[in-house]
Amino acid sequence: MILPPMKHRFRDPPLLPGTSLDPAACLARALPLERTAGQDYVEKRGVTCAVASAAGVRFDPDWAGRPAVVVALRDREERITSVHGRYLHNLRGEDKMLTVGKGGGAITVLGGWRADPLVLVEGLFDALSLAMCGQAAVATIGREVPWLAGVAQGRTVHVAFDATRPGEEEAARIAATLAGAVVRRLLPPPRCKDWSTALVKRGPPELTRWVRSNVGASSGTVAP
């Protein structure tokens, strides 16, 4: 059992007697995405079940009382640090997401930080949307990821956060932590506030062209 969402979507719930918040256990109890409401949800957002499943996305029908798609956040050594859940439905005043576990991890898609160049995004569906274009990404979901500075050293990093004021502020903040990297701002196409919106509005072929023209083809991977 996990606890109801807190008002702050990134705040870890308190541990109460009889409550298991072990991230690995939370992820293990989730179901494969195929043939669930989670599959319907990701496909509604323009992401294929195959791409989402390959990224480790699963379905939990009772993520603190509501159905959600869930995915692991991992540290540099691929150990699970926490599990992030994105609710399929939310009423006014309800949180859209809940993350269980300690900080220090990130969502990695298509190789994540090992892919070159390194692309950072805010949310799970931003990373999945870029994966639909064949682009690897790391999603921070608003959490501190202290090891990013180390893996970014000497590399080009595209900070692909939302094209909003909060997105700009967060992009500037994280760029300041990446000393030793060449940091570039990567924005979604015009009139799209984020990559998930861009995927739905523009479609995979057009978004793929946009990403390739602004990021370029991947030059491979870096050593762990």
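Reply: Two strands pair if DSSP finds at least two bridges between them; helices (H or I, at least four residues) and strands (E, at least two) are DSSP runs, numbered from the N terminus. This is a predicted model, in which local features need pLDDT of at least 70, side-chain atom pairs count only at pLDDT 80 or more, and totals for chains, interfaces and linings use all residues. Residues are numbered from 1 along each chain as its sequence is written, and side-chain values use heavy atoms, with hydrogens and water left out.

Me: In what order do the five strands of the open sheet lie?
Reply: The order is β6-β9-β8-β10-β11, with mixed pairing. β6 (107-109) and β11 (182-185) are the edge strands, as each pairs on one side only.

Me: What joins strand β8 to strand β9?
Reply: Two bridges join β8 (residues 118-121) to β9 (residues 137-139), and the two strands run parallel. The definition asks for at least two bridges, so β8 and β9 pair. Val121 stands opposite Ala139 in β9.

Me: Why is Thr81 called buried?
Reply: Buried means under 20% relative accessible area, exposed over 50%, and partly exposed in between (1.4 Å probe, protein chains only). Thr81 has a relative accessible area of 5%, and is therefore buried. Thr81 lies in strand β4 (residues 80-87).

Me: What makes Cys49 and Cys192 buried?
Reply: Cys49 is buried because its relative accessible area is 9%; Cys192 is buried because its value is 4%.

Me: How many disulfides does the structure hold?
Reply: A disulfide is a pair of cysteine sulfur atoms within 2.5 Å; the structure holds zero.
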